[in-house]
Structures are given as C-alpha cells and as structure tokens.
Amino acid sequence: MPKPVVELVDVVKVYGSGDVKTYGLRGVTLTIYEGEFAAIMGPSGSGKTTLLNMMGLLDRPTSGKVVIAGIEASRLRSSQLARLRNRFIGFVFQQFNLIPRLTVQENIELPLVARGVPRRIRARKAREALIAAAGDPSWLPKKPSQLSGGQQQRVAIARAIVGEPRLLLADEPTGNLDRKSAAIVMKTFMSLNERGQTIVVVTHDPEVANCAHRIILIRDGRIIGEQEPDRSKCITRIL
Amino acid sequence: MMPLLVFIADALRLAYRSLSERKLRALLTIIGVAIGPIALVAMVSVVKGYSNYILGQLEALGQNLVVVFPGENYHLTKSDLRKLSSIPGVVAASPFYTATGFVRVGSKEVKVTIYATDLDLLFRAISGLKVVEGSVPGENQPLYALVGYYVSRDKKGHVVYRVGDPVIVRIVSVEKGKIVEKRVTVIVSGVLGRFGSSPILNFDYSILLPLSAGRKVLHMKEWTGILLLAERASLVPNITREIQEMYGDLVSVVAFQGIARVVASIAHAMESIAFTTSLAAFAVAVAGVSATMITSVVERFREIGVLKALGFTDMQVVFMILMEGLLISLIAGIIGVVLGAAAAYVLAQRGFVIKGVQVTMVIKAKPAITPSLVAETLLVTMLVGIAGSVIPAYRAAKIPPAVALRYE
Ligand SMILES: Nc1ncnc2c1ncn2[C@@H]1O[C@H](COP(=O)(O)OP(=O)(O)OP(=O)(O)O)[C@@H](O)[C@H]1O
Ligand SMILES: [Mg+2]
C-alpha cells in the first residue's frame with residue numbers, strides 16, 4: 001500500500017461571511033499518495049485553486065480535516081503551518097511569481113533562506129534543482145526578466161523542488177505559456193515524477209491533465225469523479 | 001543558533017536589495033531621517049565644545065580661589081582681611097587693586113588690566129600662570145612688574161619689552177564722574193607665559209605688580225577686593241557661605257568654581273534643548289519611514305504572499321521589514337553624524353561672542369564630537385527606523401498568503 005502524502009476529509013471552504021457567502025469547496029474528501037502524479041481538472045470558478053490552497057496549507061478550511069505527512073494541520077499555529085509548507089510543499093504558480101530584483105539563483109534559494117541554510121550549501125542545491133527542472137546553470141546569475149516565460153517557469157519549478165518537498169503543487173503552470181514551453185514544463189514534471197516526486201497539477205487543459213496518472217474532476221466545489229488519463233494525448237507529444 | 005544568524009544575514013541582504021530597487025524613494029527617506037542626527041550632532045557638539053572650553057578656562061583660573069568684592073557703600077579694611085583669613089579652610093588672603101590702562105606695544109596701543117596683589121598667592125591660586133623670563137618682583141619692589149605675553153611682544157611675535165625695560169602705562173579711571181588719566185612708569189621684572197584667551201581674566205594683556213604698588217604706584221586708596229585661597233577646592237562652597245553669613249549684602253563673593261557650576265548647568269540645559277528640538281525631527285522621521293515602508297509593503301503584497309507560500313513565517317517577514325527600516329536609519333544615521341559634524345565645525349568657525357564688562361571677546365572652540373554622542377545619535381536614529389517599520393511590518397505579517405496570491 002502506498003503511503004498517503006495529503007488527505008482531505010470532508011473539507012468545506014466558505015469565503016466571506018453574513019449575506020455574501022461564496023462556497024469555494026462544498027465538502028471534498030481526497031487522498032494523494034506518495035509517488036502520484038495527479039491532475040485536478042475543472043472549469044473556471046470550480047474551486048481548483050481553493051483545493052490546492054487547502055492541500056498546500058496556504059489557507060484554513062472552514063470545516064473538515066487536512067492531514068499532511070500524518071500531521072493534522074487545522075489546529076496548528078500559522079508559524080507551524082509556514083514551517084510545514086517550507087519542509088513538505090513546493091508551489092508552482094501560473095504567473096511564475098519570481099522576485100524580479102533577485103537573480104535566478106537567489107530566487108531558487110528562497111525556501112532554503114527561510115530554513116537558515118548556509119550560502120555555500122544553498123548555491124549547490126540551487127544549481128542541482130535548476131538542472132533537475134530542465135534549466136540551464138547559465139541562467140543562475142541572470143534576472144528573471146532576462147528569461148523567456150518557459151524558462152522562468154522552469155526556474156519556478158527549481159525553486160519549488162530545491163527544499164526536497166514531499167508534495168509539489170502546481171496551479172495552472174502552463175496557463176501563461178505557449179504550447180512548446182507548456183510541453184517542456186510538463187515533460188519536466190513527468191521526469192520529476194519518474195524520480196519519485198509526488199505532484200498535483202491544477203489545470204483546465206486536457207492536454208496537460210492527460211500527462212498525469214490520475215485525473216480528478218471538480219465542479220462547483222465538489223469532486224464529481226475521476227477519469228483515466230490518455231498519455232497519447234499528453235502535450236509532450238509535440239516535442 | 002547558526003540558522004538564525006544565517007537568516008539575519010540574508011534578511012539584511014534582501015532588505016538592501018529591496019531598498020536599492022527604489023533608489024530615489026530610499027534616498028529621499030534617508031535624507032528625511034538624516035535631519036534628526038544632523039541637528040542633534042551639530043547642536044549638542046557645538047554647545048558641548050563651548051562649555052568644555054569655558055569650563056576648562058575656569059578650571060585654569062583656580063578652583064581654590066575666592067574673591068571678595070566690597071558692596072557699593074562698604075570699604076574693606078585690615079580688620080576684614082583678618083576676619084576673612086581666619087575663616088576655617090582659608091590658607092592665604094591678600095587684598096588686591098585693579099586698574100585699566102593702555103600701553104604702547106610696537107605700533108599699537110594695547111588695553112591692559114593692571115593687578116596689584118600678593119603675587120605669591122596669585123601664582124599659587126592660578127596654576128596656568130607662569131613666568132618665562134625674569135623673576136617675580138618682591139613686595140619691596142613696587143615699581144617692578146610682570147607683563148603679560150602680548151604686552152611683552154606684538155601680535156606678530158616681535159619682542160617689544162625685555163626684562164629691565166621701562167614700560168609707560170597710561171592709567172584711566174573715573175573719579176567723581178570725570179575721566180582721570182595718570183601716567184606711570186614701571187620696570188619689567190619678568191614676562192608671563194602665554195595664558196590663552198580667557199573670557200574672565202585676561203592675563204595675556206595684563207600687568208602684575210606687588211601689593212605695595214597699589215598705593216605707591218597706582219595711587220589707589222581703596223582695595224578693589226580681597227583674594228582668599230582655600231586649602232582644598234571642596235572647601236570653597238563652605239567658605240563662600242561663611243562669608244555671606246558674616247557680611248550679608250555688604251560684600252559680593254565670587255568663586256570661579258561657582259561660575260563653573262553655573263556654566264555647566266546652563267550648558268546642560270542647552271544640550272537638553274538641542275536634544276528635545278532634534279526629537280521633533282526624529283518624530284517626523286518615524287512618520288516618514290512609516291509612509292515609505294507602508295508603500296513598500298503594499299507594493300509587495302503579492303511578493304510577501306509568495307514568500308509565505310515558500311515557508312517564511314510571519315515573524316521572518318516582520319524581521320525582514322524591520323531590517324529594511326533599520327538599514328534606512330543606519331545609513332541616515334551615519335550620513336547624519338558626518339554632516340552634523342561638518343555643520344558643527346562650520347558653526348563653531350564663526351565663534352561665540354561673549355560681551356564682558358571690560359572686553360567683548362569671541363571664543364572659538366572645537367565642537368565636542370564624542371564617541372558617546374555619536375553612539376547615542378546612531379542608537380536614537382536606529383530606533384527611529386525600527387519604530388517607523390513596526391506598523392508596516394505588522395501589516396505585512398497579517399497578509400494572508402492565499403489572498404495575496406490571487407491578487408493581480
Ligand atoms: N478569497 C476569496 N474571497 C471570496 N471568494 C473567493 C475567494 N477565493 C475564491 N473565491 C471564490 O471561490 C470559488 C472558487 O474559486 P477558485 O479560485 O478556487 O476557482 P478556480 O477553479 O481556481 O478558478 P480559475 O480556473 O478561474 O482559477 C469562486 O467562486 C471564487 O469566486
Ligand atoms: Mg484558480
């Protein structure tokens with residue numbers, strides 16, 4: 001039996017209070033296992049980002065349980081959540097979210113800075129992470145603005161994996177990329193997964209979802225089922 | 001411990017990066033913050049410089065000396081001298097005469113103060129007073145004089161009067177409302193070393209005569225006052241009180257020590273005023289830092305969300321923002337101390353005018369830029385930076401990462 005990395009049990013997320021309540025999630029129960037590559041697919045506003053935020057401990061559920069690496073997260077203080085995020089989770093965003101005034105290397109090192117890792121070790125790990133994310137070490141001294149969108153997203157992936165997280169979460173990682181760059185990013189995820197990295201990707205693009213092992217369908221804040229991926233329709237076939 | 005130190009170093013570096021991204025804004029904020037330390041260093045060091053100078057002068061004038069002047073309708077006599085010298089703690093006493101006169105030194109006529117008193121007592125009381133040529137005239141040599149440094153030579157240093165030379169002194173006095181002029185000739189017995197200008201006693205422009213010269217040469221009938229020498233400086237306040245109890249308003253008592261205490265307390269008050277005034281500038285600086293840092297936090301709303309997603313704790317975010325404020329104020333503090341010191345030298349260059357009874361003089365004293373003033377200024381300035389960043393840092397800590405990441 002594979003070990004669960006993250007478990008959501010009947011998670012409800014309500015935004016706002018009083019009259020203007022919006023449901024982000026209406027009761028989601030979901031387990032992601034070690035080594036899995038899962039895609040969460042659904043239309044806009046269906047609650048994909050909200051679900052990812054729950055799994056990534058970026059936000060607290062209104063009700064329900066979130067268990068990560070065996071730890072029940074709902075009762076933890078925000079500083080403890082931050083430490084768990086730093087240890088266990090890596091994030092990749094649609095807008096890359098690199099810090100423009102820092103070099104590529106400094107951006108990749110950020111999770112290790114929060115951890116207080118000495119510079120020398122950080123520099124080595126940043127380089128390794130960039131190579132693992134299909135990046136080129138020659139980018140290290142550059143500013144993000146000197147790179148293309150696809151290259152920036154690979155830097156963002158390097159930043160997400162530099163701390164060796166148990167779970168890599170990506171929210172529409174290809175949403176801002178051309179098809180070729182999107183294919184490279186998905187190929188990177190696939191090869192990371194082959195080396196054992198657990199990955200959850202949020203997308204509404206079937207060509208992206210079909211690269212995963214498992215497709216979870218979400219609509220209106222509920223999981224409506226799962227779908228078998230068809231790797232022959234994965235976007236990497238264009239490479 | 002190690003990870004914490006590593007994080008502190010990184011927070012400082014990231015703060016520096018963030019400041020240098022908006023150079024103009026950082027610069028303007030730094031200028032605003034620097035005004036406080038500039039004002040503080042300039043004002044306090046100049047006031048301290050002058051007060052140190054005056055206090056130094058007063059100290060050289062003798063901490064053991066007490067001078068008794070008769071009141072308007074009182075004449076000091078031999079019996080007063082006896083009474084005063086029997087006060088416990090008084091080791092020596094002598095009457096003295098003073099007059100104002102003019103002496104030709106080279107091409108110029110120089111105004112001098114003439115003292116006739118027990119010269120041994122005077123030399124014992126005033127340690128800064130030295131004879132560099134010749135000797136001190138005895139009590140039986142009323143025509144022999146010690147002349148001040150700038151009486152013996154002109155401003156350029158050309159010697160005009162040597163030991164043995166006669167000096168013609170034009171003595172000017174007011175008698176019964178009329179200006180009376182007398183000419184007397186004295187012989188140089190010795191020359192005084194440079195005393196340095198003093199706002200109270202100006203020995204460089206003086207002629208010192210034995211006590212007997214008061215009657216015989218200056219033709220004065222009344223003692224100007226009586227000098228008393230205390231055994232120890234600590235006895236001076238007691239002696240002063242004793243005399244006041246004995247005589248009430250009939251005489252006035254002057255002790256340089258007392259003057260020194262007054263000067264010290266005035267200087268202290270001025271320093272406090274300078275400090276309080278600069279506090280206003282510091283208060284404005286806190287607001288300035290706050291405004292800059294709030295803007296910076298709002299601009300980086302999303303970025304702070306990203307840092308939190310990557311695992312920076314709220315405390316780490318707070319620390320990074322405080323570091324930014326600290327860096328602003330540290331740079332401003334250093335600039336402020338340097339510019340403040342420069343301003344102090346410019347201010348001190350213009351001198352400080354003291355309008356005395358007999359002379360108006362300008363004293364020039366180096367500003368006292370002490371390590372403790374520099375340290376205190378830097379400390380206060382750094383507190384400004386931290387105080388100004390507290391609210392922005394709190395705001396940054398409260399940013400919910402999920403909301404910040406949605407934010408376009
Ligand atoms: N912070 C918030 N405040 C109020 N409503 C929110 C907030 N975040 C999400 N919502 C609402 O919750 C619902 C789910 O949003 P969510 O962002 O999870 O959808 P999504 O599937 O990621 O959509 P998209 O594909 O457009 O990114 C939406 O109706 C959205 O308006
Ligand atoms: Mg979304």
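Me: What is the relative accessible area of Asp230(A)?

Reply: A quick note first: this is a predicted model, where local features need pLDDT of at least 70 and side-chain atom pairs count only at pLDDT 80 or more, while totals for chains, interfaces and linings use all residues. Residues are numbered from 1 along each chain as its sequence is written, chains are lettered from A and ligands numbered from 1 in the order in which they are written, and side-chain values use heavy atoms, leaving out hydrogens and water. Buried means under 20% relative accessible area, exposed over 50%, and partly exposed in between (1.4 Å probe, protein chains only). Asp230(A) is partly exposed, and its relative accessible area is 29%.

Me: Which residue forms a salt bridge with Asp230(A)?

Reply: A salt bridge here puts a side-chain nitrogen of Lys or Arg within 4 Å of a carboxyl oxygen of Asp or Glu. For Asp230(A), the closest N and O atoms of the pair are 3.7 Å apart.

Me: In which helix do Glu128(A) and Arg124(A) sit about one helical turn apart?

Reply: Their side chains meet in a salt bridge at 3.4 Å, N to O. Glu128(A) is partly exposed at 44%, and so is Arg124(A) at 45%. The two are 4 residues apart, about one helical turn, in chain A's helix α4.

Me: How many salt bridges does a search of the whole structure find over all chains?

Reply: Some of them join up: Glu106(A), Glu109(A) and Arg122(A) are linked with Asp10(B), Arg13(B) and Arg17(B) in a network of salt bridges. Over all chains, the search of the whole structure gives 23.

Me: In which strand is Lys108(B) placed?

Reply: Lys108(B) is exposed, with a relative accessible area of 58%. Its place is residues 108–117 of chain B, strand β3.
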